[in-house]
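These are my notebook entries on the structure shown below. I set down what I looked up, entry by entry.

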Number of protein chains: 4
Amino acid sequence: MIKVGVNGYGTIGKRVADAVALQDDMKLVGIAKMGMDYKTRIAASKGIPVFSAGDAKGFGGSGVSLAGTLEDMVKQCDIVVDCTPEGVGAQNKSLYEKAGCRAIFQGGEPHSLTSLSFNAYSNYASAIGAKFARVVSCNTTGLARTILPLQKDLGIASVRAFIVRRAADPSETRSGPINAIEPEREVPSHHGEDVRTVIPDLDIETAAAKVPTTLMHMHYVTVRFAEEGSDRDAVLEAWGRRNRIIMFSGKEGVTSTAQVMDYARDLGRPRGDLYEIAVWDDMKVEEMELSYFQAVHQEADVVPENIDAIRAMCGVETDADKSIAKTDKSLGIRAKKED
Amino acid sequence: MIKVGVNGYGTIGKRVADAVALQDDMKLVGIAKMGMDYKTRIAASKGIPVFSAGDAKGFGGSGVSLAGTLEDMVKQCDIVVDCTPEGVGAQNKSLYEKAGCRAIFQGGEPHSLTSLSFNAYSNYASAIGAKFARVVSCNTTGLARTILPLQKDLGIASVRAFIVRRAADPSETRSGPINAIEPEREVPSHHGEDVRTVIPDLDIETAAAKVPTTLMHMHYVTVRFAEEGSDRDAVLEAWGRRNRIIMFSGKEGVTSTAQVMDYARDLGRPRGDLYEIAVWDDMKVEEMELSYFQAVHQEADVVPENIDAIRAMCGVETDADKSIAKTDKSLGIRAKKED
Amino acid sequence: MIKVGVNGYGTIGKRVADAVALQDDMKLVGIAKMGMDYKTRIAASKGIPVFSAGDAKGFGGSGVSLAGTLEDMVKQCDIVVDCTPEGVGAQNKSLYEKAGCRAIFQGGEPHSLTSLSFNAYSNYASAIGAKFARVVSCNTTGLARTILPLQKDLGIASVRAFIVRRAADPSETRSGPINAIEPEREVPSHHGEDVRTVIPDLDIETAAAKVPTTLMHMHYVTVRFAEEGSDRDAVLEAWGRRNRIIMFSGKEGVTSTAQVMDYARDLGRPRGDLYEIAVWDDMKVEEMELSYFQAVHQEADVVPENIDAIRAMCGVETDADKSIAKTDKSLGIRAKKED
Amino acid sequence: MIKVGVNGYGTIGKRVADAVALQDDMKLVGIAKMGMDYKTRIAASKGIPVFSAGDAKGFGGSGVSLAGTLEDMVKQCDIVVDCTPEGVGAQNKSLYEKAGCRAIFQGGEPHSLTSLSFNAYSNYASAIGAKFARVVSCNTTGLARTILPLQKDLGIASVRAFIVRRAADPSETRSGPINAIEPEREVPSHHGEDVRTVIPDLDIETAAAKVPTTLMHMHYVTVRFAEEGSDRDAVLEAWGRRNRIIMFSGKEGVTSTAQVMDYARDLGRPRGDLYEIAVWDDMKVEEMELSYFQAVHQEADVVPENIDAIRAMCGVETDADKSIAKTDKSLGIRAKKED
């Protein structure tokens, strides 16, 4: 049993913690948090040990009994998944290092922090035994998920993608804009480079704009194939050979990110999460070019990747496909079609 | 076993159907729907019989095998819960009548359609054995839930409420406004009168405005007590004696409808639903007046009411408290504090 | 000619500066600003002298030639209108005091800063000759505008108001929420008390919630008259005796804040501003109670108040009605109906 | 003096009417409208003759005296600008034809209606003397404005554009979505083809998604040049040789469509309109590829195009540059830099 701690218990942390608790080869040691909030209250009520990541005052008067400090938690863990806010993870690295504890960081931290960015289908093997790794961001994970199968099975010359970014998570109410479209004025955007941390040498260029919505990011992706002959069926087959991609059709009323998320809620998963990348089947495949829309549930798509990263780094499973299948079965993600 | 059909499978219908399936004294005969969509696809994939409410063409090419027509479904039912769009329910009444089938309508239909509007805590007894009833709307249910305990336990002179309405449901993308506040220019609004269909003779007056959000309605309620002496503790006790009210505190980060819904998702319920009315504990109780904010999850709060209405109308349970306790246990709603 | 400087050149500052420039008894000395932005660029291109409120570096490379520092500007002014962000105004007071310069602060500063809060119709006379005053906030101004005529002409027993607040200004993109309703958990809200700084002894209580829109605040106001006999006509007459109130009818398509602002743009005023408080005529007057909806253009309604405050404090006009008429003519605000 | 009528008095119609009234070679005969609303009330109060486009009942009780019917207006006109809702224009064509009156339709109508689509810089000459023409839509106008200079001056191999569409106009409150991103599932979108109606043979492909905002459309455009050697300065020069393009810099705080529109309001134009296409100067020019963001004020950018179309069709000015200069001077659009 891999002993796992989760540092930071927000949007990603609480989902990773729940996913860890579902694995039969992992044990959730506890969560670490700066102070009390409603998320931590629910965690405590479920019996998850709560450690204090800062001053214990943050829990004063909450009635929650602390299991110790962050340092105490780290000592009990084989690996910590750091889900603290962007930039804080980097500051925590030395703590993990000193304790001889493995650690996974999230996509808000720079690639240089670990020199190893992770996506299960892309580079599981390279993470085996690693001390530190970084699971790439929700957008990068989304791009890697649908691009890698095309690259491996059909061959890609180049990728261009436009990212329509949701501006805040559903539970986050401080950030705007309320009524504006905000271009990422840095052209091209950093997302393309980040994809290359898990799919090296890919010719990819991205641009992005932020819009006033909370549910999902939307990507418009244009792939130029390396050779002629890849038709719609070939594309669907390449995607069908992997888990973590789910196809939607406008014909059955899924016309926006709103219905995708409603569909996910209907599936009955915890929190209505969609771990898969949602792809609309109204795509265009012409000559050597494929264009498609996909949507990314930013709260959830990196969760199975974190679970696989734990397994790879702790060396309990060396076969990517086996880890992915195990993770996905536990989370209710539908398995790929068997050949 | 009460044989229940659900006509209409949208936001409310799908939730009522799932709730019926959880009851040990009910059997879900099936759902009726005009045509194919993603919601029906999931229902079919779960093995729920699908009946055609219109022309079978609506399902052409969908691959879903129909269990029959709406008429066929009605014949097999003791009671139908009509969850069709506003105004359609009224047109369906004669169909149910002809088949000798009981029917429940939703709050979009007028009180006059059944002359019996229903809220479990308010008037369960009056629905026992009834052929037709109408479960009041989400907003009316929300007001009745917190007002009735105060009226019964403490005595109310008058109620004034302002309703900040969400403009569309999360899965509904056609309606606006996108950037405006829209007053309900009819002053007072119809909600007050609707509350009186379940709490007769209450002196209540309401007004409302629509705003660009999808998650929950928000109510600001001011209650004038009939007598002196009701303090904060008395209010909390009155509410604590009933289920279906849940208190929130801004101190733990629940500062808007967004965090309330995030909390509900953390609870692990299907679709992240909140059946309870969310009340902020930052209320004011002064002299003879109480003012508080509450939020209503419009997709979910009427679901347990529909289940209780089924039980009352079919006469299998004549005690309101017992039906409520049974319904709530099945849905994971926390029971009231025992005295 | 009153020599007026404007410190802070954001949403309010730029409008006050333009309004000052329109007055034949005032001269705009210039504006002071911390650093360069698009607003200041336009000001400079119009020939308005720009003073540096902070380090001159804020203007480095902008090509704008500075007219001096904030201190330089203050020295040349009879009065400064401080339109800096909330809280900054208070820090500036000693600077104005030292220079012997009068100053007006905005509603984000506390009443205690000046002990004199200003609204032209409410208390013009009390500001005559004052060294410091504070123009009350957009919401307080909006409430005072429609309440005062009723109080003076008809007599008020009490006022209850619910404020649906826009969450950010149109040009402000950092603040949320994007999809939530946020109650002001402090019950009652501070707005009622603030109204009493300009209408003393008024029995008023307010509550508020913030919603994801940028255009206008919306108020639902219920006024209880002191005596019987005030009907709809009496109310319309009381309002008609003053400027700065404008009536709208849902019948001609003005159904939300969006159409009110579109109407204002059609009027052809600079920036499409609505200086008046917009009141819907679909109000309810019954027995001794009046209920109505009004909308407040938060960017603009305090602008004429600032102009009147300048005139009162500098003592060039001691008659409120004359100053109001003069201000409003210059801004294109329609005059009251003459009796 | 060209006698011009405007049929339809909504977002576009009212702006075209005002622009016509500003031209010294045109006379506004009047506007035609189906019924009364606040926009028409303002028009009437300004003395613009109002004609009834439908049953005169639409104006019953409004107090506005009608100047006649739509047919009456058409008889008095040399040309009518049809600004009726999408699809209605096509139905009106025979009316204009019968009366021997020229007519301009808007971009919501299909190109096939007139076989002549118009954009001033693209094909002014081809409209000289034409009976019927169609001014292309706001998005197509926006693309043509920045693409044509590059094509003519530098040579283009291909264009790819992603369009982030505003979902509704500021005054339109019925349409959603409120919280979703909606892909245009038709890939590629129709916009590319529409650009070819004014820039024939251009290799252009577009895709689009709709987002919950009202202010402006946003385009991300990637242009592949036909030859090497076009650098940033060459691009800026090409754009600088034409009117109707305005550059913005993120450095001065213009970071989204919200600040662009605030800037336009600061310019002091009627309704705060921006007739120009707003282009961010944070663009990328590398090797043979240029990528940039631009924003389109959908309420306004086609207005000057309609004025030029009138002049071309009525044959009073055969030189495109002269008409553009005249139009732009009247509207306050800054002229191109003189070489």
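This is a predicted model: local features need pLDDT of at least 70, side-chain atom pairs count only at pLDDT 80 or more; totals for chains, interfaces and linings use all residues.

**Entry 1: a helix of chain B.** The buried residues of α10(B) are Val303(B), Pro304(B), Glu305(B), Asn306(B), Ile307(B), Asp308(B), Ala309(B), Ile310(B), Arg311(B), Ala312(B) and Met313(B). The helix spans residues 303-313 and is mostly covered, with 11 of its 11 residues buried. For burial I applied the cut-off of 20 or more other C-beta atoms within 10 Å of a residue's own. I then read the backbone just after α10(B), where Gly315(B) has a positive phi of about 70 degrees.

**Entry 2: the sheet of chain A.** I traced the strand order in chain A and found an open sheet of eight strands, β4-β3-β2-β1-β5-β6-β8-β7, with parallel pairing. Which strands lie at the edges? I noted β4 (68-69) and β7 (117-118) of chain A, each of which pairs on one side only.

Strand β5 of chain A, residues 79-82, pairs with β6 of chain A, residues 102-105, in the parallel sense and over three bridges. For Ile79(A), I recorded Arg102(A) as the bridge partner in β6(A).

I also checked what α1 of chain A, residues 11-22, lies across, and listed β1 (2-7), β2 (26-33) and β5 of chain A. Relative to β2(A), the helix runs at about 160 degrees.

**Entry 3: chain A against chain D.** I counted 32 residues of chain A in contact with 32 residues of chain D. On the chain A side, at least two residues each come from β9 (156-166), β10 (182-183), β11 (204-211), β12 (217-225), α9 (257-266) and β16 (289-296). The largest share of that side is supplied by β11(A), with three residues. By residue class, I recorded 20 nonpolar, eight polar and four charged residues on the side of chain A that touches chain D.

**Entry 4: chain D against chain C.** Here I found 27 residues of chain D in contact with 27 residues of chain C. Which elements of chain D give two or more residues to the side that touches chain C? I identified α2 (38-45) and α9 (257-266) of chain D. Of the side of chain D that touches chain C, α9(D) gives the most, six residues. I sorted the residues of this side into nine nonpolar, nine polar and nine charged.

Definitions and conventions: Residues are numbered from 1 along each chain as its sequence is written. Chains are lettered from A and ligands numbered from 1 in the order in which they are written. Two strands pair if DSSP finds at least two bridges between them. Helices (H or I, at least four residues) and strands (E, at least two) are DSSP runs, numbered from the N terminus. Two residues are in contact if their C-beta atoms, placed from the backbone, lie within 7 Å. Axes are lines fitted to C-alpha atoms, for helices over the stretch in contact, and angles run from 0 to 180 degrees between N-to-C directions. A residue is buried if 20 or more other C-beta atoms lie within 10 Å of its own, exposed if 12 or fewer, and partly exposed in between; C-beta atoms are placed from the backbone. Ala, Val, Leu, Ile, Met, Phe, Trp, Tyr, Cys and Pro count as nonpolar, Asp, Glu, Lys and Arg as charged, and the others, Gly among them, as polar.
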